[in-house]
Each structure stands twice: as structure tokens, then as C-alpha cells.
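Me: I am new to this structure and would like to learn how to read its features. Please take them one at a time.

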Amino acid sequence: MTVVGRSRTPLSTVRTIAGGGDFAYALLGDDTVAAWGRGDLGQLGNGSPADGRVARPVPDLTAVTATAAGGRPVTRCARTVPTPGAYGNRAIWAWGSNAHGQLGIGQPPAHGPAKVFRPRQVPGAANLQDVAAGGSSAYAIVQPLPAR
């Protein structure tokens, strides 16, 4: 099966793919992310709970260097470098189910959203080397900054 974008043309600049239970992400050559599949818990990061039959951009994400996708309950994240080449500026953005606080956005589920439909930056996550996501969790490998 060929994955197509909004114009119904095949995605041609895919660098990596991350797949979850019923959804997937493609990291594209322009350092953005396209998502498709199930969207009821915010899996697609586009602000809507609707499913996506074609790949669409995840808004607000630029300079993405890695993506990870979990299962159900869903967690997803993307690592970004807001200033290309500025290693110390890497951050994690997360979206999807937050029913158990798994997004790490600083809001306990009793007081914060159970579903996050647009990417939010995870506070305190900086200088990241890699990201990974599980069924209800996400992880980052932190690379300390070199001594000055």
C-alpha cells in the first residue's frame, strides 16, 4: 500500500516511519511530520478527533529530528531542534492520550486534559539525544552538554 498526502500523491521524502496501534507518522525530508490513521484520542496531533485516511502535516512542528509512537493508551512524541545545529535547544513535543499523565506536560490528569489534540512542549526536557514511546509512556535519552 502506498501512503498518500493531501494531494493524493505518494509521500516522496520520507526519512523514517513510526507506527502505533492504529496510526503512523512519517518524518519527512523537510524536518516536518505527517500523520494518518485513528485520531479519537489526539493521535494525529492536528487539533481534531477525526480519523485521517491520508497523511497530513502535524501542525506546529518544525526541525523535527526523531519521532516515536506508542500503542493504546496512546503516547506520541517528536524531538525537535528549534534552531538547527543548536544541540542544547532540543526539546520533546507530545500529544494524544494523557489519561494517566503520560505526556509529561506538567498537568496531572485530574486538573489537565485527558486528550491533547495538538503538540505541546514537554517542560524540562532539554538536550535530548533520542525519544521512545510505549503503551502509556515516553522516554528520552539525555546527552549532557559538554563542559565549557
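Reply: Start with the polar contact: a pair of N or O atoms within 3.5 Å; within protein, one must be able to donate a hydrogen and the other to accept it, and residues adjacent in sequence count only if both atoms are side-chain atoms. Here, a polar atom of the Asn-98 side chain lies 3.4 Å from the backbone nitrogen of Gln-102.

Me: What kind of model is this, and how are residues numbered?

Reply: This is a predicted model, with residues numbered from 1 along each chain as its sequence is written. Local features need pLDDT of at least 70, side-chain atom pairs count only at pLDDT 80 or more, totals for chains, interfaces and linings use all residues, and side-chain values use heavy atoms, with hydrogens and water left out.

Me: How many helices and strands does the protein chain have?

Reply: Both are DSSP runs numbered from the N terminus: helices are H or I, at least four residues, and strands are E, at least two. The protein chain has 0 helices and 10 strands.

Me: Where is Asn-98 found?

Reply: Asn-98 is in the loop between strand 7 (91-97) and strand 8 (115-121). Gln-107 lies in the loop between strand 7 and strand 8.

Me: Is Asn-98 buried or exposed?

Reply: Buried means under 20% relative accessible area, exposed over 50%, and partly exposed in between, with a 1.4 Å probe and protein chains only. Asn-98 counts as buried because its relative accessibility is 0%. Gln-107, with a relative accessible area of 33%, is partly exposed. Of the 148 residues of the protein chain, 43% count as buried.

Me: Which residues is Asn-98 in contact with, leaving aside its neighbours within four places in sequence?

Reply: Contact means heavy atoms within 4.5 Å. With those neighbours left aside, the residues in contact with Asn-98 include Leu-103, Gln-107, Pro-113 and Val-116. On the same terms, Gln-107 is in contact with Asn-98, Gly-112, Pro-113 and Arg-120.

Me: What about contacts across the chain?

Reply: Take the contacts in the protein chain between residues at least 6 apart in sequence: 47% of them join residues at least 24 apart.

Me: What is phi of Asp-31 near?

Reply: Phi of Asp-31 is near 65°, a positive value in a residue other than glycine. Asp-31 lies in the loop between strand 2 (23-28) and strand 3 (33-37), and is partly exposed, at 28% relative accessible area. Asp-60 also has a positive phi, near 75°, and is placed in the loop between strand 4 (52-57) and strand 5 (64-69).
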